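Trainee: I have a structure to read and some questions to ask. Can we go through them one at a time?

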Amino acid sequence: MNRIDEIKSNLDNVGAKIAAAAIKAHRSPDEITLIVVTKTFPLSDLEILYSLGVREFGENRDQEASSKVGQLPSDINWHFQGQIQSNKLKSITNWANYIHSVDQLKYAQIISEQSRVQAKPIFIQVSLDHPPESRGGVDPAKLVQLASEITKLPGISLHGLMAVAPTDTAPGTAFANLKKIHTDFLASFPTAKSLSSGMSGDYEMAISYGATHLRIGSSILGNRQPIA
Ligand SMILES: *Cc1c(COP(=O)(O)O)cnc(C)c1O
């Protein structure tokens, strides 16, 4: 199979599974945004995805993403979901339409300073790990405090919460916990409606626990080469 057919077939497959999982959860597939995570894949794959109608792309590395952004049409929404480094964040804020992985006030402050003209939508990343914060994300016990500081900043709109399922817990248990965290959170931050969770291995489960944004790479593009 050539690359176009391969990607098209995978994309159709994932799309059908998303629709089925949404219906099973009594949700509308329209309220779920598929972000195709294109990190490490070549520009040619992104061009294929674009030709197939994909407009939501996810990247993890500033340099790689900046170069791709400059070579693709401007009607794409770019999502950054990688680990934040302060010295890259100014640049990331310039190309990313959405930043999913904010877990410290100092990062939100940098984004705020860079986004005075148009507010930047962000997600706060919540840690589902034991112990919390071992792989990024804020400890759920500190979430409301962090969110109330972030929402005081100009230039930022708090879109929702983001999480990555832990490797040592069944994703269903983790996503059930995340759903509860999000429901409680909405009581204080009613506009933070989005929930970015679900990757290639667990997106159907994530949908059943309220995910609104799925970040899917390998199920659509194949296995990534390990990053050196
Ligand atoms: C790479 C990555 C994804 C996509 O992972 P796949 O397993 O390839 O679907 C999603 N979220 C984050 C934070 C990632 O770093």
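Mentor: Start with a term: a polar contact is a pair of N or O atoms within 3.5 Å; within protein, one must be able to donate a hydrogen and the other to accept it, and residues adjacent in sequence count only if both atoms are side-chain atoms. This is a predicted model, where local features need pLDDT of at least 70, side-chain atom pairs count only at pLDDT 80 or more, and totals for chains, interfaces and linings use all residues. Residues are numbered from 1 along each chain as its sequence is written, and side-chain values use heavy atoms, with hydrogens and water left out.

Trainee: Which residue has a backbone N or O atom 2.8 Å from an oxygen atom of the ligand?

Mentor: Look past the side chains here. Lys39 has a side-chain N or O atom 2.7 Å from a ligand oxygen, and Asn60 has one at 2.9 Å. The backbone atom at 2.8 Å belongs to Gly217.

Trainee: How much of the ligand's accessible area does the protein cover?

Mentor: Accessible areas come from the Shrake-Rupley method with a 1.4 Å probe; for residues, only the protein chains shown count as cover. On its own, the ligand has 390 Å² of accessible area. The protein covers 88%.

Trainee: How do the residues of the shell around the ligand divide?

Mentor: The surrounding residues include Val37, Gln81, Met199 and Arg224. Ala, Val, Leu, Ile, Met, Phe, Trp, Tyr, Cys and Pro count as nonpolar, Asp, Glu, Lys and Arg as charged, and the others, Gly among them, as polar. The shell divides into 3 nonpolar, 5 polar and 3 charged.

Trainee: Which residues of helix 3 are buried?

Mentor: Helices (H or I, at least four residues) and strands (E, at least two) are DSSP runs, numbered from the N terminus. Buried means under 20% relative accessible area, exposed over 50%, partly exposed in between (1.4 Å probe, protein chains only). Helix 3 spans residues 62–70, and its buried residues are Asp62, Ala65 and Lys68.

Trainee: With which side chain does the side chain of Ser196 make a polar contact?

Mentor: Ser196 sits in strand 7. At 0% relative accessibility, Ser196 counts as buried. Residues that Ser196 touches include Phe123, Leu161 and His213. Its polar contact, at 2.9 Å, is with the side chain of His100.

Trainee: Is His26 buried or exposed?

Mentor: His26 is in the loop between helix 1 and strand 1. Its phi is near 55°, a positive value. Most residues other than glycine have a negative phi. At 76% relative accessibility, His26 counts as exposed.

Trainee: Which peptide bond is cis?

Mentor: Most peptide bonds are trans. Look in the loop between strand 5 and helix 6, where Pro131 is found. With omega near -5°, the cis bond is the one from His130 to Pro131.

Conventions: A residue is near a molecule or strand if one of its heavy atoms lies within 4 Å of it. Contact means heavy atoms within 4.5 Å. Lists of a residue's contacts leave out its neighbours within four places in sequence.
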